[in-house]
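User: I would like to go through this model term by term, with each label set against the criterion behind it.

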Amino acid sequence: MSRLAAILARSLFCAIVFCVPSCSAQSTPTPSQPEKVIIDTDIGDDIDDAFAVALALRSPELQILGVTTTFGDTETRARLLDRFLAEAGRPDIPVAAGVPTAPKGTFTQRHYAESGHFAKPSHPDAAAFLIDQIYRNPGEITLIAIGPLMNVGAAIDKDLAAFRKLKRVILMGGSIHRGYGDLGFGPPAPPQPEWNILNDIPSAQRLFASGVPLFVMPLDATQLKLDEVKRAFLFSQGTPLTDALTLLYHQWGQQTPTLFDPMTIAFLVNPALCPVQPMHIRVDNKGFTRPDPGPPNAPNPPNAQVCLDSNPDAFFRFLLPRLANP
């Protein structure tokens, strides 16, 4: 894209989609006491994790205490985060690595993780890091879980009493009424075992039984497509953060990302973007997340607040100005 085309794309996108004179006019006042968060991610396979971490970095309402990596080659994921955070100007954020597991799928952004000089010499254990931070900040931490739940299960097994001192868990996971490919129009797709639940079903079952306040962003509300117009706007910004996202996007090697994971951050900052309702969710042994209200004479109490629908237009009006903010 030429420089003139990039400028025109930015101006047109801001004028039509955001309905404001310029994207830099979008700002949010920083609260006096930002929310303390830890992000647990399998960054490096799909691209939506990087967008979620980027949104957290551009949300002054949040204080990121650390980022932990889960699933597969967790150490290389940690090195990817080392570079990503450094290029975004936040090398101070701790990165911890979970126990590695047998790889599944393709680590598409491995080259980004293995190049450069940003990698830290070592990374602490993710579950131990999480428990330590909970003891330091009891009742104050929101855990944002956007990957398979190995670290969550390990923390529960390590110290359930400490895990219950989390303020809440916000989970991208599950499929209640809509499966993959069901964008709310066209033929419906039935519920399916969702990736983050399916890859560690026992940990998911322990999480839903833990008693910690749980907010769930399932497939029903998170199949949000970053189309060509939005990508052209974002990737033309030329900031360190958007340049890093651009590079990771191209290494991902596909065309239109589905931004499942950023909804967890968006919900935390602005809950109106994904209204929730109380439900009792049962994770069965095949990885389905099934609503289970129980019998009428003895209903099951809710164990989660679940978002079943979202407004993609409102989501992208929230997301894109923040990511573009220099």
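**Labels and their criteria**

Analyst: The structure holds 1 disulfide, a term used here for a pair of cysteine sulfur atoms within 2.5 Å. This is a predicted model, in which local features need pLDDT of at least 70 and side-chain atom pairs count only at pLDDT 80 or more, while totals for chains, interfaces and linings use all residues. Residues are numbered from 1 along each chain as its sequence is written, and side-chain values use heavy atoms, with hydrogens and water left out.

User: What makes Cys 274 and Cys 307 a disulfide?

Analyst: Their sulfur atoms are 2.0 Å apart, and the criterion asks for a pair within 2.5 Å, so the pair qualifies. The torsion about the S-S bond of Cys 274 and Cys 307 is about -95°, and therefore the disulfide is left-handed. Cys 274 lies in the loop between helix H13 (262-269) and strand S7 (276-279), whereas Cys 307 belongs to strand S10 (residues 304-307), so the pair ties together parts that are 33 residues apart in sequence. Helices (H or I, at least four residues) and strands (E, at least two) are DSSP runs, numbered from the N terminus.

User: Why are Cys 274 and Cys 307 called buried?

Analyst: Buried means under 20% relative accessible area, exposed over 50%, and partly exposed in between (1.4 Å probe, protein chains only). Cys 274 has 0% relative accessibility and therefore counts as buried, and Cys 307, with a relative accessible area of 0%, is buried too.

User: Why is H2 described as largely enclosed by the rest of the structure?

Analyst: Of the 10 residues of H2, 10 are buried, so the helix is largely enclosed by the rest of the structure. Among them are Asp 48, Phe 51 and Leu 57. Helix H2 (48-57) and helix H8 (195-198) each supply at least two residues of the lining of the largest pocket, which has a volume of about 410 Å³. Of the 23 residues lining this pocket, the closest to its centre are Asp 45, Asp 46, Asp 48, Trp 195 and Phe 260.

User: What separates a cavity from a pocket?

Analyst: On a 1 Å grid over the protein atoms alone, a cavity is a set of points where a 1.4 Å probe fits but cannot get out, while a pocket is an open set with protein on both sides within 12 Å along at least five of seven lines; lining residues have an atom within 4 Å of a point. Grid points are joined across faces, edges and corners, and a volume is the space filled by probe spheres set on the points. The structure holds 1 cavity of 30 Å³ or more, and the largest cavity has a volume of about 40 Å³. H5 gives the most to its lining, with 3 residues.

User: Why is Gln 133 called buried?

Analyst: Gln 133, placed in helix H5 (residues 126-136), has a relative accessible area of 12% and is therefore buried.
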